[in-house]
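Thank you all for coming; I would like to walk you through one structure this morning. Please have the sequence and the model open while I talk.

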Amino acid sequence: MNYRLLDSGGGRKLEEVAGQRLDRQAPAAVWRPSLPRKEWERANGVHIRSERGGGHWNWKGPAPKSWTVDYGGLNLELKATPFGHLGLFAEQAAQWAFLRSAVEAFQKEQARAPKLLNLFAYTGGSTLAAAQAGAAVTHVDAAKGVVDWARRNADLNGLADRPVRWIVEDVIRFAQRAKRREDHYDGVILDPPSFGRGSGGELWKIEERLAELLDLCSGLVKNRPAIVLLSAHSPGYGALSLENLLHDHFDLEGKILSSGEMTVPEASGRPLPSGSYARYGSGLS
């Protein structure tokens, strides 16, 4: 594993990512940094947020075009995007471990591989973790560039031959079409953004469209998912809100859901909150 969160505070985080020391935004880090300023000044890449959205990186020396990190049981290609993302969301490592365990439990119970639908699948961490454990995954994201990125990550992990369908499409449009076809999945994975646009310019706002999407997903799993994972990084979508949403849209009566904050531990052990999750897995509490 060659990722470390070194420090956080003042709305920023300081990371060591496969040889690159980076200073990026972390809105939840409302406390003061622990490390002295000189440690932060050693960062060779600093992301600056633009008031209009996006931003840019300032680099000491040549900017890396791409590089690779080993983290959470996966090898992932990294790129410094204008929005400050790298293609790695370190807080998701615990969810990848959950997916592996849930897929293995399903296979023991059902004697077959589960079919999972991963929406807003981005660079593929959850897709690849589930595929590692034997799941057949339909991976959907509206941006062709990030789906291509996810496919390269599959190659990096020796998973190119696994049963993964790579779909470039607006997630609601895909789910509507899947419902008309009467497609069926054993579980769903969703990590919706606060705001975005689909491949055809469709507008996504989590507060306006998440309930609609969850209703569609409920039909695709016949209302009783064997595996469901919902995570979010949006204000107002805490752990209990996500858990209530799952109970509202899926038949999970009598099922024990787990929910909580996703965190990344600093080198000192202090956790950086990085979104929330709610989940249920076949055979798991």
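I will go through the sheet, the nonpolar cores, the aromatic rings and a few single residues.

A word on conventions: what you see is a predicted model, in which local features need pLDDT of at least 70, side-chain atom pairs count only at pLDDT 80 or more, and totals for chains, interfaces and linings use all residues. Residues are numbered from 1 along each chain as its sequence is written, and side-chain values use heavy atoms, with hydrogens and water left out.

Let me begin with the sheet. Helices (H or I, at least four residues) and strands (E, at least two) are DSSP runs, numbered from the N terminus, and two strands pair if DSSP finds at least two bridges between them. An open sheet of seven strands runs in the order S10-S9-S8-S11-S14-S16-S15, with mixed pairing. Its edge strands, each pairing on one side only, are S10 (164–168) and S15 (258–265). S15 pairs with S16 (residues 271–281) in the antiparallel sense, over seven bridges.

Helix H2 lies across S8, S11, S14, S15 and S16, and runs at about 170 degrees to S14; here axes are lines fitted to C-alpha atoms, for helices over the stretch in contact, with angles from 0 to 180 degrees between N-to-C directions, and contact means heavy atoms within 4.5 Å.

Next, the cores. Buried means under 20% relative accessible area, exposed over 50% and partly exposed in between, with a 1.4 Å probe and protein chains only. A nonpolar core is a set of buried Ala, Val, Leu, Ile, Met, Phe, Trp, Tyr and Cys residues joined through side-chain atoms within 4.5 Å. The largest such core has 45 residues, and those that touch the most other members are Tyr3, Val17, Val69, Tyr71, Leu88, Trp96 and Ile227. Helix H2 (residues 93–110) gives the most to this core, with seven residues. A second, separate core of 34 residues includes Ile172, Tyr185, Trp204 and Leu242.

Which residues do ring pairs link into a cluster? They are Phe89, Tyr122 and Trp149, where rings of Phe, Tyr and Trp (its six-membered ring) pair if their centres lie within 6.5 Å, planes under 30 degrees apart counting as stacked, over 60 as edge-to-face and the rest as tilted. By this rule the count comes to five aromatic pairs. Tyr122 and Trp149 have ring centres 6.3 Å apart and planes at 50 degrees, so this pair is tilted. Because Tyr122 lies in the loop between S8 (115–119) and H3 (125–132), while Trp149 is in helix H4 (residues 144–156), the pair ties together parts that are 27 residues apart in sequence. Trp149 is buried, at a relative accessible area of 3%.

The charged end of Lys79 sits over the ring of Trp149, 4.5 Å from its centre, the rule being that NZ of Lys or CZ of Arg is within 6 Å of the ring centre and within 35 degrees of the ring normal.

Finally, some single places. Helix H3 is mostly covered, with seven of its eight residues buried, and just after H3, Gly134 takes a positive phi of about 115 degrees. Ser276 lies in strand S16 and counts as buried at 8% relative accessibility. Glu15, in strand S2 (residues 12–17), is also buried, at 1% relative accessibility.
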